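Here's a quick briefing to read alongside the model. Have the viewer open and follow along topic by topic.

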Amino acid sequence: MPASSPPSAKLPVEPSATPGAGRAVESQLAESQAADLTWLLNRAAARMRGELDTVARGHGLAGVRDWIVLTALGVEGGRTQLQLGRELGVDKTTLTSLLDRLEGDELVVRRLDPRDRRARIPEVTAAGRRLQARIAAARDEAEARLLAAFSPDEQRLLRALLTRLADSTAGSGPCL
């Protein structure tokens, strides 16, 4: 049985060949994007990430990555920098720079791993926990603004569905 072609393969090659074809192509492209779950999830995540970057910067961080690292450290401690980087999808050079900045702001400390003195275990400080909590409250406000077009039931459903999707792919890739 022949494989069906992707929606983009059905678009006319030369939209100017037929009067009004340009609008038809734009309409087909919009329909294709609306049906493309990956595109929709990426766009939604980009909007959320943009809002949370603004929130994080408003609290003195470089962006949402800093806040995510503080949150990850607060949720589960005892991980080495290498383990943390793998889980968050941040290469070790970028994570080292990020942790240097957070440590310079006294939001994290790095201790030697008792099992491997070459490794460091980053830990969030009390100041880091307080900042993370303030940003979490501001994040909730930003999320509420972004989700205001949805009813409370729709918001609960969206969270439940995304939670199931995220849980079903646990361990399959980075979150950043």
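## The fold in brief

Seven helices and two strands make up the secondary structure of the protein chain, where helices (H or I, at least four residues) and strands (E, at least two) are DSSP runs numbered from the N terminus. Going along the sequence, the pattern reads α-α-α-α-α-β-β-α-α. Keep in mind that this is a predicted model, with local features needing pLDDT of at least 70 and side-chain atom pairs counting only at pLDDT 80 or more, while totals for chains, interfaces and linings use all residues. Residues are numbered from 1 along each chain as its sequence is written, and side-chain values use heavy atoms, with hydrogens and water left out.

**Whole-chain numbers**

- Of the chain's 176 residues, 26% are buried; buried means under 20% relative accessible area, exposed over 50%, and partly exposed in between (1.4 Å probe, protein chains only).
- Take the contacts (heavy atoms within 4.5 Å) between residues at least 6 apart in sequence: 52% of them join residues at least 24 apart.
- The protein chain exposes about 11,900 Å², and carbon and sulfur atoms supply 55% of that; the areas come from the Shrake-Rupley method with a 1.4 Å probe, and for residues only the protein chains shown count as cover.

**Helix H6 and its neighbours**

- H6 covers residues 126-146, which is 21 residues, and its first and last C-alpha atoms are 30 Å apart. That is close to the 30 Å expected at 1.5 Å a residue, the expected span being 1.5 Å times one less than the number of residues.
- Its buried residues are Gly128, Leu131, Gln132, Ile135, Ala136, Ala138, Ala142, Glu143 and Leu146.
- What do the buried residues of H6 pack against? Their partners are helix H2 (37-58), helix H3 (64-75), strand E2 (116-124) and helix H7 (152-168).
- H3 and H6 pack at an angle of about 115° with their axes 10 Å apart; axes are lines fitted to C-alpha atoms, for helices over the stretch in contact, and angles run from 0 to 180 degrees between N-to-C directions.
- The H3 and H6 crossing is left-handed, a label used if the near helix is turned anticlockwise from the far one by less than a right angle (right-handed if clockwise).
- On the H3 side of this contact you'll find Trp67, Leu70, Thr71 and Gly74, and they meet Gly128, Arg129, Leu131, Gln132, Ile135, Ala136 and Arg139 in H6.

**Salt bridges**

- The structure has 12 salt bridges, each one a side-chain nitrogen of Lys or Arg within 4 Å of a carboxyl oxygen of Asp or Glu.
- Arg110 and Glu103 pair up through their side chains at 2.8 Å, N to O. Arg110 is buried at 19% relative accessible area, whereas Glu103 is partly exposed at 28%.
- Glu123 and Arg111 form a salt bridge at 2.9 Å, N to O. Glu123 sits in strand E2 and Arg111 in strand E1 (residues 108-113), so the pair ties together parts that are 12 residues apart in sequence. Both ends are partly exposed, Glu123 at 30% relative accessibility and Arg111 at 45%.
- Asp113 and Arg115 meet at 3.3 Å, N to O. Here Asp113 is buried at 4% relative accessibility, while Arg115 is exposed at 67%.
- There's also a network: salt bridges that share partners join Arg139, Asp140, Glu143 and Arg159.

**Loop residues to look at**

- Thr80 is in the loop between H3 and helix H4 (81-88). Is Thr80 buried or exposed? Thr80 is buried, with a relative accessible area of 10%.
- Leaving aside residues up to four places away in sequence, Thr80 touches Asp113, Ala119, Arg120, Ile121 and Pro122.
- Val90 lies in the loop between H4 and H5 and is buried at 6% relative accessibility. Val90 is 25 residues from Arg65 in sequence, and their C-alpha atoms are 9.4 Å apart.
- Glu106 belongs to the loop between helix H5 (92-104) and E1 and is exposed at 60% relative accessibility. Check its backbone too: phi of Glu106 is near 60°, a positive value in a residue other than glycine.
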